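These notebook entries record what I looked up in one protein structure. I begin with a term that several of the entries rely on.

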Amino acid sequence: MWDSIPNPKYNEYGHKSNNRFVPDGVATVKPIEYGERCQGNANCVPICPVQAKYDARKTLNTIAFPDRVHLLAQAVAYKVEIDPENGRVTAIHYKHYQDPNSPSHTLGTAKGTLFVLAAHAVENAKLMLASDLHSTSGLMGRNLMDHPFLLAWALMPEVTGTMRGPLVTSGIGTFRKGKFRHNQCTFAMDIHNDGWGWSGTGAADIVREAVEKGNMYGAELRKELISKISRQLLLAFMCELPADYNNRITIDPRYKDQLGNYRPIIHFDVPDYCKKTFAYARNLSKIIFNRLGAEDHTHYDKSDPAYFEYEGEGYWFRGGNHFSGTHVMGTNKHNSVVDKYMRSWDHQNLYLVGSGSMPSIGTSNTTLSIAALTFMATEEMLKDLASATKPAYV
């Protein structure tokens, strides 16, 4: 996704007309380049200023048949309706609002032959549960996963070029396999290039300390900031989290948003199998910092909601935002929610696409797996639409 090579045919994508991607919203000011290679801004999140990193608007704005695709913004699905006779989906009901600060809305209904839920692991499961569609297996909303990260940060003895390039320039992936998996989970280590920001002690704290405590300004302040920020090193240990039946999404009538829709309730815990790896990773970071001659600044605040203690030591972890599980795939309707094409076992014209269908996630980001599974699902959807014979499950 990062350090991409410019595609000479980029402007040919889309409909017959030359439909090039034009950013909207926060990127209203048109950049010089569209979809070109990384220019080293270190601003990949939330959006790349030169569009080098993919985001979904590139696809949405270059849909092959724009005359056949209708996008309705500010519309929230709240119920999946099925035919009780055969379990097939007949409609999806939604609420359409104009003002995000107002509960006012109008009701609408989307009808069709085939339906796809692509609202990610949390919202897909929440919508199905809100529609009282729990699945034969009872696994709807179950086996919620994410990649918990342990962070460690230090100040290097010399300038290392921090803040130039993408967020992560390198890492160590050799801890992803081994006999140790009997006792603790695997992990991958990223060497971050955006300073300590994710740890909550980034550039702002350096500025505050220099100004408020050091009374610095002008050239002295500039020199201090360049020295401190450009030497920041952050190690992020992304850990494998096994699927757990008790990690789940649920709903409760007491918790609804201003439109009257259910809010998802998240039950999530990290087992000792992972906590043991956190402890191992923290000790590994100390060894790395020592050999680099770096000054260790890692500290885990007890007031942090994610703080915990393991074998007498305190830690906290950060979520990887790689939510997965909740409508896992499997071999039949009794051990899973969807089949290998992410098609619902119970509702044959409904697909639940995305990482929610993944039964495990390992230590790698889920993006490419989601893309591959979606291609498979799309091919199957086309077969369903083209064939009068619908799949029959047992």
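**Entry 1. A term, and the model.** I call a residue buried when its relative accessible area is under 20%, exposed when it is over 50%, and partly exposed in between. I note that the structure is a predicted model. R343, with a relative accessibility of 4%, therefore counts as buried.

**Entry 2. The salt bridge of R343.** I looked up the partner of R343 and found D384; their side chains meet in a salt bridge, 3.0 Å from N to O. The pair links distant parts of the chain, with R343 in the loop between β14 (318–319) and β15 and D384 in helix α6 (residues 367–386), 41 residues apart. D384 is buried as well, at a relative accessible area of 6%. I then followed the shared partners: salt bridges join D339, R343, E380, K383 and D384 into one network.

**Entry 3. The whole protein.** I turned to the overall composition. The protein has 394 residues, of which 41% are buried. Its secondary structure comes to 6 helices and 15 strands. Among the contacts with a separation of 6 or more, 66% are between residues 24 or more positions apart.

**Entry 4. Other salt bridges.** How many salt bridges does a search of the whole structure find? I recorded 11. Side chains of opposite charge can pair when their charged atoms come close.

I examined E224 and K228, whose closest N and O atoms are 2.8 Å apart in a salt bridge. Both residues lie in helix α4 (residues 218–229), 4 residues apart, which is about one turn of the helix. An α-helix has 3.6 residues a turn, so residues three or four places apart point the same way. K228 is partly exposed, at a relative accessible area of 23%.

I also examined D296 and R282, whose side chains form a salt bridge of 3.0 Å, N to O. D296 is in strand β11 (residues 295–296) and R282 in helix α5 (residues 272–292), so this pair ties together parts that are 14 residues apart in sequence.

**Entry 5. Helix α2.** Is helix α2 mostly covered or mostly uncovered? I found that α2 (residues 120–130) is mostly covered, with 8 of its 11 residues buried. The buried residues are A121, V122, N124, A125, K126, L127, M128 and L129. I noted that their cover includes the strands β1 (75–82), β4 (115–117), β9 (248–250) and β15 (350–352). After α2 comes D132, which has a positive phi near 60 degrees.

Entry 6. Most residues other than glycine have a negative phi. I therefore listed further residues that depart from this pattern. S135 has a phi near 80 degrees, a positive value in a residue other than glycine. S135 sits in the loop between α2 and β5 (148–155), and at 17% relative accessible area this serine is buried. N321 is not a glycine either, yet its phi is positive at about 60 degrees. N321 belongs to the loop between β14 and β15. With a relative accessible area of 65%, N321 is exposed.

**Entry 7. A nonpolar surface patch.** Which residues make the nonpolar surface patch of about 260 Å²? I found L60, V69 and L71. V69 is placed in the loop between α1 (57–60) and β1. Its relative accessible area is 36%, so V69 is partly exposed.

**Entry 8. Cysteines.** A disulfide is a covalent bond between the sulfur atoms of two cysteines. I searched for such bonds and the structure holds 0 disulfides. C185 is in none; the nearest cysteine sulfur, that of C274, is 3.9 Å away. The cut-off for a disulfide is a sulfur pair within 2.5 Å. C185 is buried, with a relative accessible area of 0%. C239 is likewise in no disulfide, and the nearest cysteine sulfur, that of C185, lies 4.5 Å away. C239 is buried, also with a relative accessible area of 0%.

Technical notes: Residues numbered from 1 in each chain as written. Predicted model: local features only at pLDDT ≥ 70, side-chain atom pairs only at ≥ 80, totals over all residues. Heavy atoms only, no water. Helix = DSSP H or I, 4+ residues; strand = E, 2+ residues; numbered from the N terminus. Buried < 20%, exposed > 50% of the residue type's maximum accessible area, 1.4 Å probe, protein only. Contact = heavy atoms within 4.5 Å. Patch = residues over 30% accessible without salt bridge, like charges linked within 9 Å, V, L, I, M, F, W, Y side chains within 5 Å. Areas by Shrake-Rupley, 256 points an atom, 1.4 Å probe, with all protein chains shown as cover. Salt bridge = Lys/Arg side-chain N within 4 Å of Asp/Glu carboxyl O.
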